[in-house]
Amino acid sequence: MTEQPVLDGPVPDELVAIAERHGQVVAAGDSAATLADFRPDRTGQLLGSARLPERLVSSRLLRLEVEPDGLVAAFICYTAADGSETVLRSRWIKLEQGWRVTQVRNVPETPPVMAAAGPRDDGLDRPHWEGLRAGQVRIQRCAPCGHWIWAPQPLCPRCHSFDLTWPAVEPDGTVYSWTRTWQPFSPELSGHVPFVIVVAELAAAGGRRLLGVLCNGDGASVHVGQPVRGEIDPAPSVEAWPVLRWRLT
Amino acid sequence: MNRSLRGAAAVAGIGSTPYYKRGTSPHSSLRLNLEAILAACADAGLDAHEVDGFVSYANDLNEGLAVGAALGVREVRWSTMVWGGGGGGVAAAVNAAAAAVACGQAENVIVYRGITEADDGRQSYGKGHFPPLLSAHGVLTPVQVCALRSQRMLEVDGVPWSALEALVQASYYHAQRNPAAVGYGRPLDHSTYADSRWVSEPLRLYDCSRENDGAAAVLVTSAERARDLRQVPAFVLSGVQGAGPDWSESAENNASYTSAGFHPAMVARLWGEAGVKASDVDVVQVYENFSGPAVASLIDLGLCPPGAEAGSFMTVPNLVVPDGVLPINTAGGNIAEGFVHGIGLVLEAVRQVRGTSASQVTSADVSLLLGGPVAPLVSATVFGSAATV
């Protein structure tokens, strides 16, 4: 049974066969042929960007889509030996030597889940993480002088009181800055790049800023000043910790 | 009581190993440091047994006392590590050596830094500075933090993208004149820069410094002794280090977010002690972990106008020898010469005062070294020629 891929826009004819063959060599575990399809100056980045199950049995080109910047996106579904399916979106560029993959990612996007989530060893930020577990965003604040403190400190840098509280705040903020990270710096990031990191300024916490990954950041046009709202991503296991994410509102 | 550092100490010797591709050094970081120190002493014409002080930064694995023991020095009188991660300590290390010499704590102080990936591990430059409030969100490396700062500098302050490229292009331009540079023989054109892969927006591959194995060292001694040694002295006119309010380890809550960290009081002290103005600076070695923070440094120092006007100043012709108004990173810098936590920038700042750079600025009397943009600590040193003291 062969299903024809969906073609969206004026997809060059030759690219259909190229993308189908690419899926086949990836599914067959043919590293040399896979690498040959990659844009040569970024093979390492591309290899680390996508995450696929170890044993693949087949591939299926779902869709080719011409994008506004002239790249062509290929959605290829890979089926593993256990029957699970993984979709990668590769973006193809026409170079002198032919069509090459210049970007690739897993779709739909999922934020990276980091083993580092949770309190630091000295426990200074533990109330924040416990707050997330209770469904609240808690930020350190000095009881006597009301100063908001972030990152957490052992005492109030303003009045030197050790009497610190952890009130819950409404996680409504605005984008103070942002970056879209493409490089898979650690194996934990593979399958999740590129992802957008937002520094959000919280009016309810005296303008203190909290970092977090932006949900639905894939292809999002992000700007400083945009409103965002925090969401708490549940812990992936009993021992792990929930994590704060941001979403454009 | 004279509390001034100005003119009390000078760099009298410089030495370095080659820049090896990271992970390929044939020797340990201790051995590379020792090679660089011996070269610096030989350059100065000083018996290395006469060294009596050691200063390093960024958690160099080789403590001064161990280095001194290996060298068999007669006495270790001064041994200092500058706290604060990253290259922010590079100029602070020179300043600490100069301070030790100026107040008689030591006579011949070596500033050194060596890295090998085998000894230090991968990404040693960021170790300890990515607590869970960053790493839980996939922020694992300095480039991501510097990208966040750069993005706001571009988007809110209005510094144009071209300013970042000009800094990179000037570095590559100078590297083509420096056979010791890793980027020598590899000129960079606009399309290669602009088409290179994103690392973390708005920074692409060529906006990032290299990573190398290697070591370098400089010998700091008293002004009097430096005059008697073999080389033209590079006098320390002033030095500053530090961090402004809300600056360090604040999980992106720095008060002056798009600043490189050189706050106004620090900059005023730098110029005041040296007795020079920004417009007197002949040449700058500006630490570029990444292009954006280096541009922010030049803005902080008043060497480059802020905001949109940065674009009209930051052009390749303005930033290169022989005719640029402010040549920068004349050996190629961390981006195009090689990266051992910025120690190479110290050597080049000294070469400019000596008149021996491969991209020499005509009569470089005031040579500025800037360390560590956006790092928990930043630092700067103004070097001057004999004409300035």
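Author: Two strands pair if DSSP finds at least two bridges between them. Keep that in mind as we walk through this predicted model.

Reader: Happy to! How many bridges join E10(B) to strand E11 of chain B?

Author: There are four, and the two strands, E10(B) and E11(B) (residues 366-371), run parallel. For one position to look at, find Val284(B), which stands opposite Leu368(B) in E11(B).

Reader: Are the faces of strand E10 of chain B covered or open?

Author: Covered, on both sides. Along residues 283-286, Val283(B) and Gln285(B) are buried on one side, and Val284(B) and Val286(B) are buried on the other.

Reader: Now the helices. What describes two packed helices?

Author: The angle between their axes and the distance between the axes. Here, helix H6 (residues 142-155) and helix H11 (residues 291-300), both of chain B, pack at about 60°, with axes 8 Å apart. That angle makes H6(B) oblique to H11(B), and the crossing is left-handed.

Reader: Which residues meet there?

Author: From H6(B), look for Cys146(B), Arg149(B), Ser150(B) and Met153(B); they meet Gly292(B), Pro293(B) and Ala296(B) of H11(B). By class, this contact has four nonpolar, two polar and one charged residues.

Reader: And between the chains, how many residues does the contact take from each?

Author: Chain B gives 28 residues and chain A gives 34. On the chain B side, helix H5 (132-135), H6 and strand E6 (198-200) each supply at least two residues. H6(B) has the largest share, six residues. The chain B side divides into 13 nonpolar, nine polar and six charged residues.

Conventions: Residues numbered from 1 in each chain as written. Chains lettered and ligands numbered in written order. Predicted model: local features only at pLDDT ≥ 70, side-chain atom pairs only at ≥ 80, totals over all residues. Buried ≥ 20, exposed ≤ 12 C-beta atoms within 10 Å, placed from the backbone. Axes fitted to C-alpha atoms, helices over the stretch in contact; angles between N-to-C directions. Parallel < 35°, antiparallel > 145°, perpendicular 65-115°, else oblique. Left-handed = near helix turned anticlockwise from the far one by under 90°. Contact = placed C-beta atoms within 7 Å. Nonpolar A, V, L, I, M, F, W, Y, C, P; charged D, E, K, R; others polar.
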